[in-house]
Amino acid sequence: MDKKLLIYPLLFSAGLLQARQKPNVVIIFTDDQGYQDLGCYGSPLIQTPFIDRMAKEGIKLTDFYVSSSVSSASRAGLLTGRLNTRNGVKGVFFPESEGMPSEEITLAEALKEQGYTTGCFGKWHLGDLKGHLPTDQGFDYYYGIPYSNDMYIGPSQQFASNVTFREGYNLSKAKEDQEFVRTSSRADIKKRLNNASPLFEGDKIIEYPCDQSTTTRRYFDHAIDFIENNPEQPFFVYITPSMPHVPLFASEQFKGKSKRGLYGDVVEEIDWNVGRLLDYLDKKKLAENTLVIFASDNGPWLSFKEDGGSAEPLRGGKFSYYEGGVRVPCIIRWKGSIPAGVTSDAIVASIDLFPTIMHYAGCQSFKQKIDGINISSFLKNPSLRLRDEYVYIKGGEVHGIRKGDWVYLPKTGNSKFKKGDVPELFNLKQDIGESNNLHLQYLNKVKELQEVMKKYQSTSTMPYSQIRDTLNNDRQYWIQTLVKIADPVISNLSKDQLKKNIPVGRSSSALASSREFITHMEAVGRTIAGIAPWLELGPDNTPEGKLREKYIKMTCKALANSVNPESNDYFNSTATRQILVNSAFLIQGLLQAPTQLWGNLDDTTRKRLIEQWKSTRTMKPGNNNWLLFSAMVECGLKEFSGEWNFPTVERALTSHREWYKGDGVYGDGADFHLDYYNSYVIHPMLLQILKVTVKQRPSFQSFLNEEWIRFIRYAEIQERMIAPDGSYPVLGRSVSYRSAAFQVLGACALFGKLPESLKPGQVRGAMTAMLKRLFEQPGTFDKEGWLTIGVCGEQPELGDIYLSTPCVYLCSLGFLPLGLPANDPFWCNPVEPWTSIKAFGGIDFPIDKFIKP
């Protein structure tokens with residue numbers, strides 16, 4: 001994608017800054033180095049004389065914060081100047097990842113527009129696919145391992161013509177590794193390949209497996225050569241050593257030399273190479289025109305004990321949001337331009353480097369939102385305090401706040417919020433180790449910090465930056481959440497990797513199942529049924545329209561893989577009766593997106609889908625809601641192939657007409673069950689089946705009329721079930737389907753059939769509160785982004801005996817109103833209080849009236 005830099009030059013009285021006046025910039029960003037792991041930060045065993053010298057020649061920051069306690073998100077914050085609520089990077093990318101959205105403008109891109117030459121040396125970790133490598137994101141040159149050094153080769157990565165193979169490898173064996181990675185689980189890959197990482201130059205592999213014992217020196221060698229070979233332009237050199245991230249490797253020159261063991265060897269080797277670089281700058285008389293910054297990307301990996309670092313005296317490390325996870329060492333040197341020998345406790349953040357460096361390069365106006373602040377005045381006068389607060393971001397969401405000496409962590413600073421955890425409040429001045437929780441003693445301070453957090457929460461945008469300019473904040477949130485749910489399913493199936501990667505969790509009471517090898521299929525129809533109405537709006541030139549275009553293409557590719565017998569993710573239609581369920585939900589989605597999904601499938605895929613649906617005719621449904629699955633399949637066949645088995649449809653309709661219990665509710669079979677199956681399955685499928693049927697059998701029009709009345713009544717009941725805080729009664733089986741419990745309410749909005757008693761803004765407010773209650777709870781998604789079993793968070797024992805993790809993707813059916821355009825009153829009208837807010841707030845509201853049978 002062509003990107004135009006959204007930055008404008010700052011004019012000075014003497015005219016534009018000349019290239020020779022612009023300072024060179026070097027950022028050294030180590031991996032998993034702890035707060036204490038330098039001599040000048042108090043390490044008792046690690047000797048770092050060169051970085052210590054750098055501190056004496058510049059400013060040492062004791063309160064420097066990175067934007068995340070994990071690698072990719074931290075690096076995104078540094079390079080964009082934007083919090084992870086905005087820049088699209090929430091966690092860690094693995095090989096074969098697109099990575100940071102290409103629309104994000106990096107520091108390298110910004111500096112190139114100002115005449116800089118740019119080079120990246122070492123770990124990148126913001127995407128390894130084409131379009132997302134450093135050379136696609138503003139760097140003229142790249143040399144390094146494109147992600148963490150414990151990761152493996154990507155299946156689509158290309159080899160340079162001059163590639164060097166090591167450890168008995170040749171091209172054929174390397175390609176065998178790529179095929180193994182493409183078809184195997186991450187755990188199996190780790191066992192077999194054991195940190196066999198590729199070394200890149202530009203966008204191709206030049207060494208495999210990489211000799212990691214020499215990477216630190218080679219990164220600095222290439223960086224120095226890059227500076228030497230580009231004397232005519234100001235330079236930006238971004239050096240990102242792959243260590244001290246585990247596994248640890250030191251060269252023979254340093255192995256066994258440190259009192260701190262191998263970890264110390266690695267840090268001391270980095271220190272020596274920093275010294276080489278500083279000496280080179282001094283020798284070449286570049287030091288007085290070169291801003292050099294040294295920092296770490298996040299805290300130490302404490303679980304590796306001796307192979308991990310130390311954040312003392314801080315609490316926690318990598319993955320946590322205590323100080324040890326996000327507060328790291330940082331030293332800034334610029335001889336002759338900033339004071340030397342200064343130690344400052346000012347709050348400074350990695351996101352501040354982007355606007356500060358751009359100020360020095362002659363730019364200070366940005367069209368995209370920058371969260372960092374220009375600290376150039378502080379660097380001149382370190383007694384200034386430009387920040388009084390900093391926000392902690394986890395998973396793209398606000399997780400805590402520091403203001404002054406106070407830190408508030410409403411969900412603790414742990415990597416996972418566990419049962420029994422309570423909010424935490426610490427005073428860092430009195431308790432640097434965050435050991436004394438003052439939450440109950442200082443409730444007014446808690447309230448104050450909660451208000452500060454709201455400021456950052458209100459500016460949070462989508463993890464997908466393409467959506468950040470849509471019209472309505474609620475709509476942004478809905479799209480963000482739906483895409484977060486659907487993307488792992490659709491993207492993995494489109495890459496033929498769903499079966500390999502999707503987790504299959506069950507409760508301890510679940511029946512042993514023969515479905516394990518096919519259960520990945522159960523997520524697909526359910527997911528597409530929910531996302532289809534939104535996709536049917538089609539592509540356009542808005543950010544949202546471009547995102548839809550992406551998922552339309554991806555979904556069509558995914559469906560092609562699902563019915564391709566040569567595919568790893570092929571859905572074997574004879575393997576389980578669950579293919580009937582998946583087919584019914586898939587058809588429900590395709591009937592909602594006949595143009596963008598069915599219309600964009602190739603003929604072969606269409607034929608294969610039709611054959612698969614026909615194969616379900618041998619599967620006898622139970623005498624309950626399953627009759628609707630078979631009838632839905634016949635309706636899909638009628639709409640998309642022209643033929644159907646009408647008796648199957650007739651039986652389902654006749655039975656459900658008999659099973660109607662009154663006031664908008666059907667039995668699930670002859671018996672009444674107090675659960676949400678009227679919303680999960682019965683009303684939505686019955687209505688769709690009737691719509692198809694009346695076109696062929698007008699005699700069913702009276703039943704369709706009845707069903708509309710019942711459907712709307714049930715939606716009215718559902719709105720009243722949503723409490724002011726978004727919670728609702730947890731009733732019956734399959735409660736892990738979460739927001740699908742309100743499919744009927746959302747469908748009424750989608751179809752323009754809300755009753756007079758329900759205003760669009762009222763329904764949107766209630767449903768948004770419900771979605772936030774469900775999907776913002778820690779544990780709802782696992783660390784890889786997959787849904788877990790539960791209602792609010794991970795509650796595996798709520799998994800019924802027939803339910804596995806893929807089944808819970810039925811929750812996507814709670815997002816149907818996204819099929820309404822952004823200018824629909826549902827999205828544009830102001831939010832209004834819903835019934836429970838009125839009822840428990842002393843506000844008049846309509847009384848509830850039943851409908852007659």
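In which sense do strand β2 (residues 24-30) and β9 pair, and over how many bridges? I looked this up in the predicted model and found parallel pairing over 4 bridges. Within this pairing, Ile27 has Tyr238 of β9 as its bridge partner.

**Entry: the other pairing of β9.** I then examined strand β4 (residues 117-122), which pairs with β9 in the parallel sense over 6 bridges. Here I noted Ile239 in β9 as the bridge partner of Phe121.

**Entry: burial of β9.** I checked residues 235-240 and found 6 of the 6 buried, so strand β9 is largely enclosed by the rest of the structure. Phe235, Val237 and Ile239 point one way, while Phe236, Tyr238 and Thr240 point the other way. I recalled that side chains in a regular strand alternate between the two faces of the sheet.

**Entry: salt bridges.** My search of the whole structure returned 54 salt bridges. One of them joins Arg333 and Glu57, with the closest N and O atoms 2.7 Å apart. This pair links distant parts of the chain, 276 residues apart: Arg333 lies in strand β11 (residues 327-333) and Glu57 in the loop between α1 and β3. I recorded Arg333 as buried because its relative accessibility is 0%; Glu57, at 19%, also counts as buried.

**Entry: a second pair.** I next inspected Asp725 and Arg773, whose side chains meet in a salt bridge at 3.4 Å, N to O. Asp725 is in the loop between α21 and α22, and Arg773 is in helix α23 (residues 760-775). I listed Asp725 as partly exposed, with a relative accessible area of 39%, and Arg773 as partly exposed, with 39%.

Note on methods. Residues numbered from 1 in each chain as written. Predicted model: local features only at pLDDT ≥ 70, side-chain atom pairs only at ≥ 80, totals over all residues. Heavy atoms only, no water. Buried < 20%, exposed > 50% of the residue type's maximum accessible area, 1.4 Å probe, protein only. Helix = DSSP H or I, 4+ residues; strand = E, 2+ residues; numbered from the N terminus. Pairing = 2+ DSSP bridges. Salt bridge = Lys/Arg side-chain N within 4 Å of Asp/Glu carboxyl O.
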